[in-house]
Amino acid sequence: MIGQNIAQAAELLKRGEVIAIPTETVYGLAGNALDESTVAKIFAIKQRPSFDPLIVHVPDLQSLENWVQNIPTAARQLAQHFMPGALTLLLEKKETISDLVTAGSPLVAMRIPAHPLAQELLRLLPFPLAAPSANPFGYISPTRAEHVAHQLGDQIPYILDGGPCTIGLESTIVGFPEGRATIFRKGGIPVEAIEAVIGPVQVQAHSSSNPQAPGMLKSHYAPRIPLVLGKLTELIPQHQGKAIGVLSFQERYPEIPSERQFALSSSGDYTEAARNLFSAMRYLDQLPLDLIVAELLPEENLGRAINDRLRRASSKN
Ligand code: TXA
Ligand code: MG
């Protein structure tokens, strides 16, 4: 069921149920982070391998401090600037956080979502919420309640509808291996914004063999229809005769039926493009197409995180 009843959502969570909740980045598949059987249920519903740990969500910095220790100075600075928001910090966990949540790591990923419904809900609960993105493992993250309903609706009792996500990309994940600030997942907060606060950071290339972020598997965010990246002015004529969909940054192409193309932002606005990206991928993925052709954005600002998702969406091909 989809609804906006926060009290009902809180009741279900208190009973150990797993439900979908809105955040400003993407929808999450949430449950009591302190209850191992609930956490196991999250992994099962998402069909997620148990080596891929979950983010723990809390309402504010004060409650964040309950679950972690030895917070590095740079982490505190980032928390001051970007929490609540699209930032996740990898921090040393206290013992109360189960190994099931962190997949055995001594670090736990902590996030304070800014979405008003998520905030209100977290304040009603006496426990933090473990929540991965509310999509089946490997598929595109959901940015609307209907996206969740479509794929997981029959497996969860409630989807808390908070409207379309305003950011539309997952949180930026920052860790501090050997004291060096490192971005493990590009996301809703641009690298440039992080660097403006704490200075130059390392950006870790995503790969399935990256032990620091086991979930950074290459073929993530992938549509079912093959997606090819390149120059659209070359790809479109190359694939003449096939049913193609076009995912562009700004331009539209008169030779392609208009319902088979999606321009992420006609004005070239990165924020708007990020907000539209996953909806656009889902939209094109349900059309009767042989192929989706897409182009990368400039490698700056949110363009970097968008390009990361596009590259991984195409890595199956
Ligand atoms: O925006 C977001 O971050 C959304 C919303 C729902 O908060 N959540 C999200 O969760 O994207 P998920 O599970 O789809 O992606 C979290 C990533 C995973 O790839 C996981 O490997 C990494 O964070 N992660 C979680 N805990 C970790 C840990 N202890 N150490 C290293 N990586 C971790
Ligand atoms: Mg995910």
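**Group meeting: the spot around T25**

Okay, let's start with T25: this residue counts as buried because 30 C-beta neighbours sit inside 10 Å. By buried I mean 20 or more other C-beta atoms within 10 Å of a residue's own, with exposed at 12 or fewer, partly exposed in between, and C-beta atoms placed from the backbone.

Quick housekeeping. This is a predicted model, where local features need pLDDT of at least 70, side-chain atom pairs count only at pLDDT 80 or more, and totals for chains, interfaces and linings use all residues. Residues are numbered from 1 along each chain as its sequence is written, and chains are lettered from A and ligands numbered from 1 in the order in which they are written.

Back to T25. You'll find T25 in the loop between strand 2 (19-21) and strand 3 (28-32). Helices here are DSSP runs of H or I with at least four residues, strands are runs of E with at least two, and both are numbered from the N terminus. Leaving out residues up to four places away in sequence, T25 touches A86, C165, I167, L169, E170, S171, G187 and G188. Contact means C-beta atoms, placed from the backbone, within 7 Å.

So where does S171 come up again? In the UniProt record, an unreviewed entry, "binding site" covers T25, H57, R111, A131 and S171. These residues span 147 residues in sequence, yet no two of their C-alpha atoms are more than 12.7 Å apart, so they gather at one spot. Do bear in mind that such annotations may be inferred rather than shown by experiment; the positions are in the numbering used here and feature names are shortened.

Next, A131, in the loop between strand 8 (129-130) and helix 7 (145-152). A131 is buried too, with 26 other C-beta atoms within 10 Å. Beyond four places in sequence, A131's contacts are I21, G28, L29, A30, L54, I55 and H57.

I55 and H57 take us to strand 4 (residues 55-57), which pairs with strand 7 in the parallel sense over three bridges; pairing needs at least two DSSP bridges. There, I55 stands opposite A109. On strand 7 (residues 107-111), four of the five residues are buried. Strand 7 also pairs with strand 6 (residues 87-93), antiparallel, over five bridges, and L89 stands opposite M110.

Finally, zooming out: the chain has 11 helices and 16 strands, and buried residues make up 48% of its 317 residues. Of the contacts with a separation of 6 or more, 66% join residues 24 or more positions apart.

Definitions and conventions. Contact = placed C-beta atoms within 7 Å.
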